[in-house]
Amino acid sequence: MAFELPKMLLIFGIALIIPVLTAPADGEQSMVVSSTAPTTPKESEKEGKPVENAPSVPQIYQMHVKSNINNRFAHTTVTSRVRNFGDKAQEAVFSIVLPESGFISGFIMEINGKNYTAYVKEKEEAKRDYDKAVASGLGAAHVAVSARDSSRFTVSVNIEPEAKAAFYLTYEQLLKRQDSHYEQVINIHPGQPVKDLNVEVLISESRKIVDLKAPPLRSGNEIGTDKPELDPRADITIHNDTAAIVTFSPNLERQKELAHVLGTKEEQGLSGQFVVQYDVERDPSGGEVLVQDGYFVHFFAPTDLKPLPKQVVFVLDTSGSMWGQKIEQLKQAMLNILDQLNEHDTLNLVEFNSNTKVWNIHDQEQSVWYPHKNTFYYYNQGSDNQQPVVTLENATFPRAYPANADNIKKAKDAIAALKSDGSTAMFGALQVALRLVELERTQPSESDSIKRQPIVIFLTDGQPTDLSTDEIITQITEFNSEAKKSAIFALAFGDGADKDFLQKLALRNSGFSRVIYEGGDASLQLQGFYRQISSPLLSDVTFKYEPTTTSLTKTNFPIHFGGSEIVVAGFCGTRFPTPIIDGIGIGGPISLKPVVTNTVSNMERLWAYMSINQLLEKKEASDADKEKLKKQALELALKYNFVTPVSSLVVVKPNDTSAVDTEEAKQGVGGLPGLPLAGGAGAPYGAFASFAGPPAAFAPASAILHARPSLGATYRPILTTYMTTAKPKSPLEMLMDALPWLNAILDNGFIKAPQGSYKLGLNETISEKVTCPKTPFDQEGHCALLHECPQVHSKLQTSTNFFDHFCILKDEFAGICCPN
């Protein structure tokens with residue numbers, strides 16, 4: 001019998017990620033629609049007909065994704081329809097991993113024939129609504145997260161017996177051009193085969209569409225060679241030169257075939273990324289300006305320019321934490337990157353640990369250390385082994401080497417000789433890199449008159465040990481001027497790197513940052529990043545518009561790289577803009593003029609999207625005016641109904657729970673007891689049995705917002721909201737209660753052990769058995785994650801006790817020798 005559920009107010013802060021923080025392929029966007037657990041529907045099951053042995057969870061009987069791309073601006077709607085075939089109320093979960101550049105702009109739930117429409121509010125106002133709802137006795141939850149906390153949106157709702165529910169989520173994004181094409185990536189992971197699964201991408205451009213294709217599906221976890229057996233068999237319909245539709249509609253059998261090739265269980269359905277790639281014909285010089293209702297967007301990607309010669313300064317972390325797989329992957333990537341240098345390029349090879357070393361590739365023994373020689377450890381001025389101090393001014397650093405075949409071979413020999421040890425003195429390494437740039441500008445070779453674009457590539461996997469991050473940012477930004485002036489591109493290698501620091505450092509110094517994920521494809525990620533910056537076409541690029549043009553987005557760009565695109569937007573009123581683009585090319589100063597045309601696309605909305613993104617980026621990089629920038633971004637977000645880091649999504653839905661609690665789970669603490677992670681792939685309740693109460697403690701309705709590492713997304717902390725009848729503690733809090741000393745050695749989900757930093761792994765279940773010699777009970781045992789061996793907790797009174805029985809799982813997780 002149907003019954004009316006009281007309403008519950010949910011306020012979600014959906015986090016959006018600044019594009020400069022993504023991994024090498026910014027286009028690696030993804031979407032997920034999931035149920036709470038994997039099940040297999042029978043072919044005979046019709047959407048409207050219950051069957052015997054009804055599934056234990058609601059079934060997704062339809063999943064449709066429709067993406068309308070108009071002049072690179074994508075408006076995507078995900079629709080998921082589910083039905084509860086059971087004889088009691090059950091929970092249905094709708095989950096989306098948003099593209100990192102996407103803003104949610106609409107969400108509707110349809111339950112029992114009623115629509116519940118979300119709306120956008122300023123975060124503080126949304127919080128007041130929450131407090132008011134609680135005071136009036138309504139169940140409420142409020143989640144307001146920062147820009148880098150999460151990119152996953154999940155909401156769950158109870159569905160009555162034999163009832164249906166539908167979810168509609170819309171988000172918008174500007175596709176980024178990279179490697180000479182645009183890419184729309186849709187990650188499909190319903191957690192079960194879906195009878196009616198359909199993805200439709202409609203493309204409408206102002207210029208001729210070229211190179212349109214749907215390459216083989218991807219796993220979404222690692223990049224590598226395309227597999228022909230993962231051909232999506234997409235239907236590509238070309239309507240005319242500027243319009244096309246790409247459709248992907250695998251039936252149940254095909255979904256199972258693809259799941260098998262992708263390495264997932266067939267009963268969990270398709271779990272992979274559907275990709276559409278294309279480009280457009282280019283104006284050879286100044287690009288194109290599209291105007292609509294007084295707003296314009298200027299797309300700039302010239303094709304008739306030759307690359308600038310460049311001086312590449314490789315600054316590579318070889319501290320102790322780079323030991324093992326990471327240093328080998330770095331070497332492998334560098335060997336390939338060196339082969340990509342052009343004949344007129346030059347290179348400097350710099351490594352840093354406790355000190356900085358500038359390699360002499362002709363005579364490695366003559367390489368120069370700064371500020372101290374031949375030591376990996378902190379310098380002790382009072383020691384008997386005091387080394388002479390090398391200063392930037394008196395050091396005779398090796399000069400940049402021409403990228404000819406002989407020097408490339410010698411540079412590869414130097415790369416092969418890299419070893420990891422010592423601490424992480426970043427400040428000195430960056431000073432040296434900029435000094436090398438200065439030397440080439442102020443002391444040019446008489447036999448080489450080529451002017452080169454300097455590029456500093458700075459890679460690290462850890463935290464600085466010489467100065468604080470704020471001191472490094474401030475002092476390097478001041479130091480990076482005049483003849484030393486260079487763009488700095490920062491690479492955060494793995495989870496131990498300070499991504500916020502590296503982002504701010506790069507933004508302040510005319511570059512951008514990327515995350516390189518630890519994994520088998522790390523070398524490919526590094527090579528992919530280098531490809532993005534390997535072909536500078538123009539430097540000091542400035543877009544000039546009439547004084548009457550207002551509300552302009554960013555108009556000055558230090559470097560324009562081949563294969564990418566610069567986009568500028570603004571308001572021109574009734575007058576067409578007539579911009580001029582100035583820059584410095586291979587032949588010196590150059591001025592370009594674009595083609596200006598009218599369009600029917602919504603340029604105002606694209607302008608607002610770009611303006612918000614750039615205001616948030618400025619806010620992250622700035623030490624001043626943060627409140628002003630936040631206010632400006634908020635005003636635009638509310639006006640155009642975008643969910644951003646400064647605004648929240650308010651969702652009204654039915655709920656029968658009397659109390660709600662929110663809790664932030666840090667990196668490494670994923671999922672909920674009793675609920676799998678999105679897609680049905682998470683750990684079962686038993687994996688958390690040592691910490692959580694029984695499943696009954698969790699009420700039937702919940703709202704979850706959490707992140708999972710994915711290619712193109714920074715690995716972020718997980719934020720989870722769920723309904724409870726009491727206030728349970730998180731697995732991490734329970735573990736801290738049992739082991740109070742853990743807090744002193746835990747840093748952002750990593751345990752700092754004498755052997756290095758290892759993941760705590762609260763959201764992991766490792767099945768392999770690794771024997772260890774001695775448990776805290778003086779017997780042989782097996783290595784287990786700390787939360788999976790509660791029987792030894794009473795024996796671990798200090799961190800020393802823990803380290804006495806410490807072991808390592810899969811080369812990345814901290815373990816304890818646990819009794820068999």
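A residue is called buried here when its relative accessible area is under 20%, exposed when over 50%, and partly exposed in between (1.4 Å probe, protein chains only). The model is predicted, and local features need pLDDT of at least 70, side-chain atom pairs count only at pLDDT 80 or more, while totals for chains, interfaces and linings use all residues. Residues are numbered from 1 along each chain as its sequence is written, and side-chain values use heavy atoms, with hydrogens and water left out.

We can start with the overall picture. Of the 820 residues of the protein chain, 59% are buried. The chain holds 13 helices and 43 strands, where helices (H or I, at least four residues) and strands (E, at least two) are DSSP runs numbered from the N terminus. With contact taken as heavy atoms within 4.5 Å, residues 24 or more positions apart supply 78% of the contacts with a separation of 6 or more. The accessible surface is about 32900 Å², and carbon and sulfur atoms own 49% of that; these areas come from the Shrake-Rupley method with a 1.4 Å probe, and for residues only the protein chains shown count as cover.

Aromatic rings come next. The structure has 23 aromatic pairs, a pair being rings of Phe, Tyr or Trp (its six-membered ring) whose centres lie within 6.5 Å, with planes under 30 degrees apart counted as stacked, over 60 as edge-to-face and the rest as tilted. The ring centres of phenylalanine 352 and phenylalanine 458 are 5.4 Å apart and their planes stand at 10°, so this pair is stacked. It links distant parts of the chain, since phenylalanine 352 belongs to strand β20 (residues 346–352) and phenylalanine 458 to strand β24 (residues 453–460), 106 residues apart. Both phenylalanine 352 and phenylalanine 458 are buried. Elsewhere, ring pairs join Trp741, Tyr758, Phe802, Phe803 and Phe806 into a cluster.

Charges also meet rings. A charge sits over a ring if NZ of Lys or CZ of Arg is within 6 Å of the ring centre and within 35 degrees of the ring normal. The charged end of lysine 357 sits over the ring of tryptophan 359, 3.7 Å from its centre, and that of lysine 484 sits over the ring of phenylalanine 479, 4.7 Å from its centre.

Helix α11 (residues 731–738) has Pro731, Leu732, Leu735 and Met736 as its buried residues. Viewed down the axis of α11, these fall within an arc of 135°, so they line one face of the helix; the arc is that of the directions from the helix axis to the C-beta atoms. They pack against α12 (742–745) and β37 (746–747).

Several loop residues deserve a look. Serine 534, in the loop between α8 (522–533) and β27 (536–544), is buried, with a relative accessible area of 16%. Leaving aside residues up to four places away in sequence, serine 534 touches Lys310 and Asn342.

Most residues other than glycine have a negative phi, and most peptide bonds are trans. The peptide bond from tyrosine 370 to proline 371 is cis, with omega near -5°, and proline 371 lies in the loop between β22 (368–370) and β23 (401–402). Serine 180 has phi near 65° and is partly exposed at 37% relative accessible area. Aspartate 293 has phi near 50° and is exposed, at 65%.
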